[in-house]
Amino acid sequence: MRAVVVDASQELTVADVPEPAAGPGEVLIEAEAIGVGYMDVMRLRDGSTSAGSIPGLEVLGRVRAAGSGVPEGLIGRRVLAQPDFGGYAEQVAVGADRLLPVPDGADPVEMVALGLNALVAEGAVHRTGVLPGDRVLVRGAGGGIGVLATQIARARGAEVTAVTSSPERAERLRALGAAKTVDRTRPEDTYGTYDVVVDTVAGPRVREHLELLRPNGRYVLCGGVGGVPGPDVFEPLLRDFHRSSTLLAFSLRSVAPEERGKSWERVLALHDGGGLAAVLDRSFPLTEAAAALQWVERGKSFGKVVLLQGQQRFP
Ligand SMILES: NC(=O)c1ccc[n+]([C@@H]2O[C@H](COP(=O)([O-])OP(=O)(O)OC[C@H]3O[C@@H](n4cnc5c(N)ncnc54)[C@H](OP(=O)(O)O)[C@@H]3O)[C@@H](O)[C@H]2O)c1
């Protein structure tokens, strides 16, 4: 089968590789749409992806075979699979506990555009207990996770301020429900104070964003596009102890399958009810995965980038 493989210089190349087989507890998925996100960029750039391995954390496709211990009834079902690696390929073998159901008739590209990003966004909003009327700031709001966090917080009745980098992106975020926007490239743009900050960026500016929390505010770090926060990041929490601020990290890797399943149910219910739209940036053929990753790394995408078998489908 065709797959996208990491070579010795950490570049992506297209190769013919042996088809995987479903081992015990696994299913074999035939991929239709494959999610690309900043996590793929980070893994490639930090050297944690070994030469010869196949990247890819998120695949929507049909179950073609089931290994021992897996119900045969899964065969033929369309699922969203979240393997640790191996997703940039025509087929992937993945543990049956890494599958999420996809409703009949759902658009595969929309489902993968929600996928992992929606679970991060929903998990971050859920864990910070966003309530109606809360003021929520979303950093990285134009990204794959951010466009969904903006909508999910809005759907909970929050007043969302989206941080972004251009008037065009700001306008698109307002159309998705952001009440206000801040352009991070314009020093004259001012922030307010917030009950919740959803931060997909991190980096050296975490500390100044922590200063924006109102009493009993919650700050969730769920990404690191901007790098590692500085060493003095906790100083505002200690100095303003009387405000009872909470700083928490949220990684999907820590979320048990049952909790993931419940979060996915909430995502689908919101999507069905019109409160959450998948935001597709563009698709690339699987064989152009390197270009897709470069596109995400350049920070130009708005919403989700997807790899498809065959030719480019959108925009
Ligand atoms: N917690 C988890 O379990 C989990 C799971 C998957 C991914 N992640 C992480 O979440 C982060 C976001 O992923 P994503 O796929 O949503 O990324 P993305 O689509 O590339 O979006 C990130 C957005 O952040 C903004 N941005 C980029 N560089 C920035 C900078 N230096 N300072 C401030 N803002 C900047 C850009 O939006 P604007 O230009 O509009 O500001 C960009 O669109 C990544 O670090 C990824 O590894 C976490």
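**Entry 1: the domain interface**

I began with polar contacts, and across the interface of domain 1 and domain 2 I found three residue pairs in polar contact, both residues of each pair being at pLDDT 80 or more. A word of care for my own notes: this is a predicted model.

Next I asked which element gives the most to the side of domain 1 that touches domain 2. Helix α1, residues 38–45, does, with three residues. I then sorted that side of domain 1 by class and wrote down five nonpolar, four polar and three charged residues.

**Entry 2: the salt bridge**

How many salt bridges are there between domain 1 and domain 2? I counted one.

I also looked up R253 and D84, whose side chains meet in a salt bridge. The N to O distance there came out at 4.0 Å, and I noted that the cut-off for a salt bridge is within 4 Å.

**Entry 3: how the protein is divided**

I stepped back to see where the domain bounds lie. Domain 1 is made of two stretches, 2–102 and 279–308, while domain 2 runs over 118–253. Taken over C-alpha atoms, the centres of domain 1 and domain 2 are 29 Å apart. I noted that 12 residues from domain 1 and 13 residues from domain 2 take part in the contact.

For the extent of the interface I turned to area. Interface size is often given as the accessible area lost when the parts come together. Between domain 1 and domain 2 I have about 970 Å² buried, and carbon and sulfur atoms give 61% of that area.

**Entry 4: the whole chain**

I went through the secondary structure and listed eight helices and 15 strands in the protein. Then I checked the overall dimensions. Along the principal axes, the C-alpha atoms fill a box of roughly 55 × 40 × 35 Å.

**Entry 5: two backbone angles to look at**

I finished with phi angles. N216 is not a glycine, yet its phi is positive, at about 65°. I located N216 in strand β12, which covers residues 213–221.

S244 is another residue other than glycine with a positive phi, this one near 55°. Where does S244 sit? I found S244 in the loop between α6 (235–239) and β13 (246–249).

Key
Residues numbered from 1 in each chain as written. Predicted model: local features only at pLDDT ≥ 70, side-chain atom pairs only at ≥ 80, totals over all residues. Heavy atoms only, no water. Domains from an automatic or database assignment. Contact = heavy atoms within 4.5 Å. Buried area = accessible area lost by both parts, 1.4 Å probe. Polar contact = N/O pair within 3.5 Å; in protein donor to acceptor, adjacent residues only side chain to side chain. Helix = DSSP H or I, 4+ residues; strand = E, 2+ residues; numbered from the N terminus. Nonpolar A, V, L, I, M, F, W, Y, C, P; charged D, E, K, R; others polar.
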